[in-house]
Amino acid sequence: MPGGRDIKSVGVVMPAHNEEQHIGKALLALKTAADELERQHRAMEAKIVVVLDNCSDRSAEITAAHVSNDARFRVVNVKLRSTGASRDSGFRTALECLPANGPEGIWLATTDADSTVPQHWLTRQVELANAGADAVLGSVEPDPEDMDPVIHRRWLELHPFREDHQHIYGANLGIRASAYLTAGGFPALRAHEDRVLVERLRRHGFAVTATDTIRVLTSGRTHARAPEGFAAYMRSLAAELPPAELPTAASG
């Protein structure tokens, strides 16, 4: 592919709304992924934007303790009450922080504050982008420690881990900045903002790659923050189970 499309800098965005139980672990994982990116691409600059959206718990305090001495991080406080608007705000903040290399050479990745990315999360996305991808759809697995084994097994039946999968998760998504801007960015929705954006990217003819090689571990909770978000979907799986299989924890 033309060298002008090679990735030269990376921005990462993590929105959070009252995630004091998970955000510390999520931040440590992002640090590790950024460290690995710097190790493999010494000239590549990375910025990580944490968007604290209307937090009333200890999320801000925990974030400050983790990132106060790390120049790669920037913390933004907003009251948008929208995952889509928070992600978009974070992406545009990241673009302001990164060198003006042109949007073709900037990669934007996003995850969630209740999720843990693997060490090679960013390096693999850069590899796929340099091979021609304009967007990368990663896979996720709900943390089995957060959920009843029956629900976890049902989730795995419906979401087999494979390349070229059909799923879209805001907890594991990467996009070339030029494609993101052309598609109009994340819509200001509380849920499904990731799906809407990817549909726009495909309509514009951008190359979208789906992979299981950067699988992210995410919370398996069923208490929904957004009416139609991931936790709400997990709760619906419990509701679909036959009475004989329905776990006690899900019915309480």
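Reply: First, the elements: helices (H or I, at least four residues) and strands (E, at least two) are DSSP runs, numbered from the N terminus. Keep in mind that this is a predicted model, where local features need pLDDT of at least 70 and side-chain atom pairs count only at pLDDT 80 or more, while totals for chains, interfaces and linings use all residues. Residues are numbered from 1 along each chain as its sequence is written, and side-chain values use heavy atoms, leaving out hydrogens and water.

Me: Which residue takes a positive phi just after H4?

Reply: Gly-132, with a phi of about 125 degrees.

Me: And how many residues of H4 are buried?

Reply: Buried means under 20% relative accessible area, exposed over 50%, and partly exposed in between (1.4 Å probe, protein chains only). In helix H4 (residues 121-130), eight of the ten residues are buried, so that helix is mostly covered. They run through Trp-121, Leu-122, Thr-123, Arg-124, Gln-125 and Val-126, then pick up again with Leu-128 and Ala-129.

Me: What do the buried residues of H4 pack against?

Reply: Contact here means heavy atoms within 4.5 Å. On that basis, the partners of H4's buried residues are strand E1 (9-16), H1, E4, strand E6 (135-142), strand E7 (173-176) and E8. You can look at E8 from its own side too: Thr-211 lies in that strand (residues 208-218) and is buried at 1% relative accessible area. Setting aside neighbours within four places in sequence, Thr-211 touches a list of residues that includes Leu-128, Val-136, Leu-137, Arg-162 and His-165.

Me: Now H2. Why do its buried residues line one face of the helix?

Reply: The general idea is that an α-helix has 3.6 residues a turn, so residues three or four places apart point the same way. In helix H2 (residues 59-67), the buried ones are Ser-59, Ile-62, Thr-63 and Val-67. Look down the axis of H2 and those residues fall within an arc of 110 degrees, so they line one face; the arc is that of the directions from the helix axis to the C-beta atoms. Turned away from that side are the exposed residues Glu-61 and Ala-65. The cover over the buried residues of H2 includes helix H1 (23-40), strand E2 (45-53) and strand E3 (73-78).

Me: What about rings: how many aromatic pairs are there?

Reply: Rings of Phe, Tyr and Trp (its six-membered ring) pair if their centres lie within 6.5 Å; planes under 30 degrees apart are stacked, over 60 edge-to-face, and the rest tilted. That rule gives four aromatic pairs. One joins Phe-91 and Tyr-180, and it's tilted because the planes sit at 55 degrees, with centres 4.7 Å apart. This pair bridges distant parts of the chain: Phe-91 is in helix H3 (residues 83-97) and Tyr-180 in helix H6 (residues 177-183), 89 residues apart. Phe-91 is buried at 0% relative accessible area, and Tyr-180 is buried at 0% as well.

Me: Which residues do ring pairs link into a cluster?

Reply: Phe-91, Tyr-180 and Phe-186. Elsewhere, Trp-155 is buried at 0%, whereas Phe-161 is partly exposed at 29%. Trp-155 and Phe-161 make a tilted pair too, 6.2 Å centre to centre with 50 degrees between the planes.
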